[in-house]
Amino acid sequence: MPFDAANLLPILPEIVVAITASLVLMVDLYLKDEHKGFNHNLAIIGLLVAIGFTGAVGGGAQELFFDGNVVRDAMSDLLKGAVLVISIFAFVYSQPWLKDRGLLGGEYYALGLFAVLGMLVMIDANSFLTLYLGLELLALCFYSLVAFDRDSPTGSEAAMKYFVLGALGSGMLLYGVSMIYGATGSIEFGAVAQVIAEQGTKDKVLIFGIAFLVIGIGFKFGAVPFHMWVPDVYEGAPTPVALFLSSAPKIAAFALAVRLLVDAMGGLQADWQGMLAILAVLSMGLGNLVAIAQTNIKRMMAYSAISHVGFIFLGLLAGSSQGYAAAMFYAIVYALTTAGAFGIMVILSRKGFDVELLEDLRGLNDRDSWYAAMMAIMMFSAAGVPPTVGFMAKLLVLEAVVRVDMVWLALVAVFFSIIGAFYYLRVVKLIYFDRPATDAPILTSGGVRAVMSVNGLTILFLGLFPAALLSLCQGAFA
Amino acid sequence: MESVFPLLTLVIWLPILGGTVVLASGDRDTNLSKWLALGTAVLTFLVSLGLWIGFDSTTADMQFVERGAWIPTFNVWYFLGVDGISMPLIVLTTFITIFVVVAGWDVIAYRPSQYMAAFMIMEGLMVGVFSALDAILFYVFWEAMLIPMFIIIGVWGGPNRVYATIKFFLYTFFGSVFMLVALIYMYFQANSFSILDFHELELGMSAQVLIFIAFLLAFAVKVPMFPVHTWLPDAHVEAPTGGSVILAAIMLKIGGYGFLRFSLPITPDASASLDWLIIALSLIAVVYIGFVALVQQDMKKLIAYSSIAHMGFVTLGFFILFALLRHSGESTGAVMGIEGGMVQMISHGFISAALFLCVGVLYDRMHSRQIADYGGVINTMPWFGGFMVFFAMSNAGLPGTSGFVGEFMVILAAFRADFWFAFLAATTLVLAAAFTLWMIKRVVYGEVKNEKVAALADLNGRERFNLGALAAVVLLFGLWPAPLVDVMHKSVEHLVAQVSVCKLPAVQAADCLLAQPAPVAFLAP
């Protein structure tokens with residue numbers, strides 16, 4: 001495998017993130033406690049440089065490197081950019097929280113950056129091996145991040161559950177991969193697709209393999225019935241970790257699904273379409289219904305995540321380039337929205353107090369009307385109410401589904417969105433209609449406020465002017 | 001014909017921008033934010049008068065058209081324009097908003113800047129609904145409108161506000177998402193989201209029926225029609241005065257407008273075969289809801305039910321045309337029915353706004369809306385009593401007020417279609433008189449009921465301005481409705497011509513209840 005400039009230049013963003021993570025690990029050893037904030041700055045700078053390189057090496061037609069194990073195409077450019085931007089949001093929101101609790105060590109940033117690296121590798125993958133490498137790097141970092149507050153029993157419990165079920169999911173995926181390798185004799189997506197195109201789709205081993213792939217994807221996304229870990233992990237994890245976990249990895253999971261199902265298994269679309277339809281309907285139904293019953297806001301967001309996964313699957317299963325573009329738009333928008341919503345929760349948490357219950361948001365408008373407005377925007381976006389971008393995302397997915405004559409799925413989807421609207425409205429109700437239980441001021445730095453404003457206003461802006469992001473998404477599947 | 005000056009854009013975005021400024025001004029200087037809001041409202045109204053002045057009532061074409069790319073890959077446009085049906089409703093919107101701002105002047109103590117800003121933003125969105133000619137643009141405005149209303153009822157409403165506002169939101173949301181699916185479906189048939197293209201679209205009967213039902217869900221909730229009207233009394237009772245005014249005066253009209261802009265021209269054949277359903281629901285609304293209004297103890301609830309009954313009149317007027325076409329095949333009656341419905345919508349906008357303002361005046365002083373708490377108000381508040389009696393009379397359809405014109409036209413049209421329709425519809429004249437006048441008798445007249453009533457102060461300057469201006473308009477359109485009817489006449493004729501031509505594809509032509517497309521030139525004679 002040649003390590004020359006032609007192969008290394010296109011993965012500069014990954015290299016930068018890897019170097020930054022290693023730098024953080026080393027520098028942290030020589031930092032005094034009061035200077036730990038330097039880790040944060042280093043991580044942000046590294047991510048910004050990676051964004052710059054993503055833009056610099058990106059663009060143009062699809063290219064393969066490292067003997068076809070790594071790919072750079074329009075989709076990877078956009079998804080990498082989105083992952084990096086949202087990771088910056090996540091780091092910025094969590095910094096004050098970590099500082100308050102004395103957790104602002106280099107480990108958080110090193111693990112976080114390695115997780116970002118894992119996501120980037122997943123997005124770049126063009127073979128089962130690369131994909132699995134990235135997936136496991138991401139997962140292992142998150143297992144430890146969930147248990148990051150080591151004195152918290154719920155955190156350790158959540159990490160254990162996450163680890164066991166995550167390992168099960170990875171195992172399923174790997175099993176499916178082995179079947180497909182057995183049937184096609186290749187681990188490279190292009191070659192697999194070619195073999196499927198030539199041999200036809202009658203091979204039972206392939207069908208068997210694809211069922212396990214879909215299960216693996218279901219686990220990683222947290223789709224019903226493979227969703228059991230999601231609420232427990234969201235609830236048990238420290239809020240900043242839940243923020244991180246719920247946002248950027250969804251984009252990476254979208255890449256996983258597209259690389260596996262579309263790039264490699266596109267020829268078997270008729271088989272995985274039905275499976276995804278079942279997962280999608282179950283996820284939207286159960287996610288939205290159970291979310292209503294939650295009193296813990298993190299659990300509510302977890303079930304909300306499950307329901308949104310159903311929508312992403314809807315776009316995927318449409319099986320058209322429109323559908324993939326819609327699902328991609330949805331995944332990015334969802335990550336942006338959920339990062340903002342969890343960001344508000346992190347901001348509202350103080351030393352010795354974490355936002356856990358819906359009640360904790362009570363009367364936010366009286367405490368800080370700007371943050372209240374931002375949270376309301378996130379909630380309306382999640383509910384899919386215009387003029388926020390959440391509506392546009394839903395519209396595009398519905399459009400893709402109706403385009404392939406699956407109107408019934410569109411009707412199911414809108415029906416469950418009505419149910420979903422209720423629990424998002426309840427959050428708005430708590431923020432605006434109720435009076436606060438505490439007068440404790442919300443102390444945030446200007447930087448956090450600025451980033452949150454950018455996050456919220458982007459959601460509004462993209463809702464009013466979706467054309468640019470949409471054409472980028474469509475360009476990825478043109 | 002594209003407009004040179006973006007007048008509609010201005011009427012939409014000026015209040016939204018103004019609202020944002022009001023919001024940003026905060027509550028440090030409440031006078032500043034109130035004056036800003038009032039200034040914006042008045043300015044928007046003056047700008048919107050430009051629509052009326054520049055309107056060419058000799059054509060049914062869309063006017064003041066603006067068109068810009070919005071989401072090019074899906075053929076979604078920022079496409080605005082008005083005809084004689086939407087233009088009066090836009091002016092109504094900008095007109096009523098002024099009174100809402102004035103009415104909230106010193107009543108709203110909690111965060112007045114947010115209150116004013118919500119109404120300003122709402123005004124822009126409502127104008128957007130009336131002027132959008134792209135289905136997605138329409139839907140965005142239609143749904144976005146829910147957010148400020150949700151917050152207005154929820155933050156400044158009465159004790160049971162949370163229940164009322166969530167019910168309001170979910171009912172409307174429920175109705176509209178199915179409309180969204182229908183719009184997307186039609187996009188793939190027409191390859192465009194332009195509402196005008198939808199009008200030309202040839203659709204099979206079963207598709208038409210499904211689309212009709214999807215629209216019906218959306219618009220029936222908004223109007224509201226029996227049996228999905230139950231959110232309205234709750235929302236009205238809990239909403240602050242301004243919220244009730246906007247709800248009754250404008251938001252309900254959006255449902256009626258939807259029938260005219262979407263249901264009738266896009267699915268004429270389904271409308272023709274299901275018109276019995278709408279007529280039946282409308283008559284139930286008129287008669288049954290009229291009786292329900294009779295027994296209300298709460299003044300706001302009574303007016304809310306009265307609104308439902310009056311809106312039943314509107315939908316009756318809109319859908320009577322098929323019975324007329326089948327009966328006689330002539331179009332003047334059909335045009336009259338729709339025009340009657342439109343006049344009724346505009347007039348109800350003024351009258352219901354005024355009645356809610358009246359109740360607001362009483363509520364601000366006594367903090368009660370119960371009829372039983374009042375009596376003999378006219379002894380202590382002669383000005384107020386006079387106004388309230390006047391508006392109650394016009395609500396009951398007294399000739400000489402605008403309330404009479406629309407009702408008379410609809411009843412006349414109904415008479416040509418079927419005696420019994422007209423008979424049942426005309427009971428509203430009795431019922432409306434009964435429930436409003438009985439309320440007046442108990443609240444305004446009689447002996448002074450208690451010390452609280454004895455201590456009431458009469459209208460202040462702002463209230464006098466509000467009620468006086470509305471009374472003038474009610475009287476003006478009651479005595480001289482011609483300008484209103486003239487402005488919409490061509491558009492309504494065009495609509496009737498559109499609706500009376502069968503839209504089914506050639507293979508289903510046998511199912512046509514309506515005239516075959518060519519060669520009949522419907523309005524030629």
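**View 1. A kink in helix H12 of chain A.** In this predicted model, H12(A) bends by about 25°, with the kink centred on A:Val258; the bend at a residue is the angle between axes fitted to the seven residues ending there and the seven starting there. The helix covers residues 248–264, which makes 17 residues, and spans 23 Å from its first C-alpha to its last, close to the 24 Å expected at 1.5 Å a residue. That expected span is 1.5 Å times one less than the number of residues. Helices (H or I, at least four residues) and strands (E, at least two) are DSSP runs, numbered from the N terminus. Is H12(A) mostly covered or mostly uncovered? Mostly covered: 17 of its 17 residues are buried, where buried stands for 20 or more other C-beta atoms within 10 Å of a residue's own, with C-beta atoms placed from the backbone (exposed is 12 or fewer, partly exposed in between).

View 2. Strand E1 (residues 63–71) of chain B runs antiparallel to E2(B), and the two pair over 6 bridges; pairing requires DSSP to find at least two bridges between strands. Look for B:Gly68, which sits opposite B:Tyr78 of E2(B). Between the two strands of this hairpin lie 4 residues, and B:Asn75 in the turn has a positive phi of about 60°. Strand E2 (residues 76–82) of chain B is largely enclosed by the rest of the structure, because 6 of its 7 residues are buried.

**View 3. Where chain A meets chain B.** The contact draws 26 residues from chain A and 27 residues from chain B; residues are in contact if their C-beta atoms, placed from the backbone, lie within 7 Å. On the side of chain A that touches chain B, helices H18 (389–403), H19 (407–432) and H21 (467–476) each give two or more residues. H19(A) gives the most, with 11 residues. By type, this side of chain A has 20 nonpolar, 3 polar and 3 charged residues. Nonpolar here means Ala, Val, Leu, Ile, Met, Phe, Trp, Tyr, Cys and Pro, charged means Asp, Glu, Lys and Arg, and the others, Gly among them, are polar.

**View 4. Chain A as a whole.** Chain A holds 21 helices and 2 strands, and 59% of its 478 residues are buried.

**Notes.** Residues are numbered from 1 along each chain as its sequence is written, while chains are lettered from A and ligands numbered from 1 in the order in which they are written. Because the model is predicted, local features need pLDDT of at least 70 and side-chain atom pairs count only at pLDDT 80 or more, whereas totals for chains, interfaces and linings use all residues.

Key:
Contact = placed C-beta atoms within 7 Å.
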